[in-house]
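Visitor: I would like to learn how to read the features of a model like this one. Please take them one at a time.

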Amino acid sequence: MSQFTTKLIVEPIGKNKWQLQEGFEYHVGTYPSDEIIVVPPGFITDFASIPKIFWPIIDPVGKHGKAAVIHDYCYYSACYSRLRSDRIFLEGMEVLEVEPWKRQVMFHGVVTFGWFAWYKHRRRESQNKQ
């Protein structure tokens, strides 16, 4: 089974923004894995990008938080395709034992609406190359 192998240590830096104080690792698929996602210190996350109206049902910083940080980093770095990043998010929530209904709602949310964040990061990359 996959595994988070380091503690997630973050510091709030603004409204719904946190900065990693130390590197954070996730072994994809199995543990140990040849496929390890390493989020570097200094990375900024909003955990789960959940519209405020739904916060009473699904808190952006809940049991799924570690999986959300990995997902944010996958989108930011494009280390995987968007679909693979979304599936890793689902896998991470399973590892964290997030309730099945919540996993499915969040997974389908990123599959349906994650394109906005994905393409925002791709635009940033193309602008930085110019």
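Visitor: In what order do the strands of the open sheet with β2, β3 and β6 lie?
Guide: Strands (E, at least two residues) and helices (H or I, at least four) are DSSP runs numbered from the N terminus, and two strands pair if DSSP finds at least two bridges between them. Here three strands make an open sheet, ordered β2-β3-β6, with antiparallel pairing. β2 (10–14) and β6 (44–45) are the edge strands, each pairing on one side only. This is a predicted model, in which local features need pLDDT of at least 70 and side-chain atom pairs count only at pLDDT 80 or more, while totals for chains, interfaces and linings use all residues. Residues are numbered from 1 along each chain as its sequence is written, and side-chain values use heavy atoms, leaving out hydrogens and water.

Visitor: How many bridges join β2 to β3?
Guide: Four bridges link β2 to the antiparallel strand β3 (residues 17–20). Within this pair, E11 is opposite Q19 of β3.

Visitor: How are α2 and α3 placed relative to each other, roughly parallel or roughly antiparallel?
Guide: Two packed helices are described by the angle and the distance between their axes. The axes of α2 and α3 (residues 100–113) come within 10 Å and cross at roughly 165°. The two helices are therefore roughly antiparallel (over 145 degrees; under 35 is roughly parallel, 65 to 115 roughly perpendicular, the rest oblique). Residues in contact include F89, L90 and M93 in α2, and M106, F107 and V110 in α3.

Visitor: Is A78 buried, or is A78 partly exposed?
Guide: A78 is partly exposed, at 29% relative accessible area; buried means under 20%, exposed over 50%, and partly exposed in between (1.4 Å probe, protein chains only). A78 lies in the loop between α1 (65–77) and α2 (82–95). Its C-alpha atom is 8.2 Å from that of R122, 44 residues apart along the chain.

Definitions and conventions. Axes fitted to C-alpha atoms, helices over the stretch in contact; angles between N-to-C directions. Contact = heavy atoms within 4.5 Å.
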